[in-house]
Amino acid sequence: MFGKGSKVYSIFKMKCPKCNEGDLFVNKNPYNFGDMTKMNTSCKTCKQSYSPEPNFYYGAMYVSYGFSVALFVAVYIISAVFFEQGIWETIGVLAAVLVLLAPYLFRLSRSTYLNIFVHYDKEAIQKASH
């Protein structure tokens, strides 16, 4: 269910959504700030373009917003409800978590957004080699 061929695999491993082989990003480490935003132009394995149209990834901002809201709710519940912290301590924790996870969330949002529009094809590698 979460192995190769699934959206979850492609999104979290940040692999090509079409073949689940090629890497989306030039550098696998999202915390290498020099290469954080650099994506490969296409999959080296199946030749799937990672930029289907100009300004394609503007839509990923909405995905990022959704992830941020979910993260805020989770951190708030853990911090305020379970640890009974006050509002300012909770806000501090929220800010710290967002700053620490921002590079990963940026990449996760792009990976998710591309996976919405590109679907897995188990024959993609064979088709690309012809």
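A salt bridge here is a side-chain nitrogen of Lys or Arg within 4 Å of a carboxyl oxygen of Asp or Glu. The model is predicted.

**Exercise 1.** Determine which residues are linked with Asp 23 in a network of salt bridges.

Solution. 
1. Take Lys 28 and Asp 23: their side chains meet in a salt bridge, at 4.0 Å from N to O.
2. Take Lys 15 and Asp 23: the closest N and O atoms are 2.7 Å apart, and this pair also forms a salt bridge.
3. Asp 23 occurs in both pairs, and the network consists of Lys 15, Asp 23 and Lys 28.

**Exercise 2.** Describe how helix 2 and helix 3 cross.

Solution. 
1. The two axes come within 9 Å.
2. They cross at roughly 145 degrees, and the crossing of helix 2 and helix 3 is right-handed.
3. Residues making the contact include Phe 67, Leu 71 and Val 75 of helix 2, and Val 97, Leu 101 and Leu 105 of helix 3.

**Exercise 3.** Locate Phe 83 and state its surface setting.

Solution. 
1. Phe 83 sits in the loop between helix 2 (60–82) and helix 3 (87–117).
2. Its relative accessibility is 59%, so Phe 83 counts as exposed.
3. Phe 83 belongs to a nonpolar surface patch, with Tyr 65, Val 69 and Ile 78 among its other members. Together the patch residues have about 940 Å² of accessible area.

Definitions and conventions:
Residues are numbered from 1 along each chain as its sequence is written. This is a predicted model: local features need pLDDT of at least 70, side-chain atom pairs count only at pLDDT 80 or more; totals for chains, interfaces and linings use all residues. Side-chain values use heavy atoms; hydrogens and water are left out. Patches are made of residues with over 30% relative accessible area and no salt bridge: like charges are joined within 9 Å, nonpolar side chains (Val, Leu, Ile, Met, Phe, Trp, Tyr) within 5 Å. Accessible areas come from the Shrake-Rupley method with a 1.4 Å probe; for residues, only the protein chains shown count as cover. Helices (H or I, at least four residues) and strands (E, at least two) are DSSP runs, numbered from the N terminus. Buried means under 20% relative accessible area, exposed over 50%, partly exposed in between (1.4 Å probe, protein chains only). Axes are lines fitted to C-alpha atoms, for helices over the stretch in contact, and angles run from 0 to 180 degrees between N-to-C directions. A crossing is left-handed if the near helix is turned anticlockwise from the far one by less than a right angle, and right-handed if clockwise. Contact means heavy atoms within 4.5 Å.
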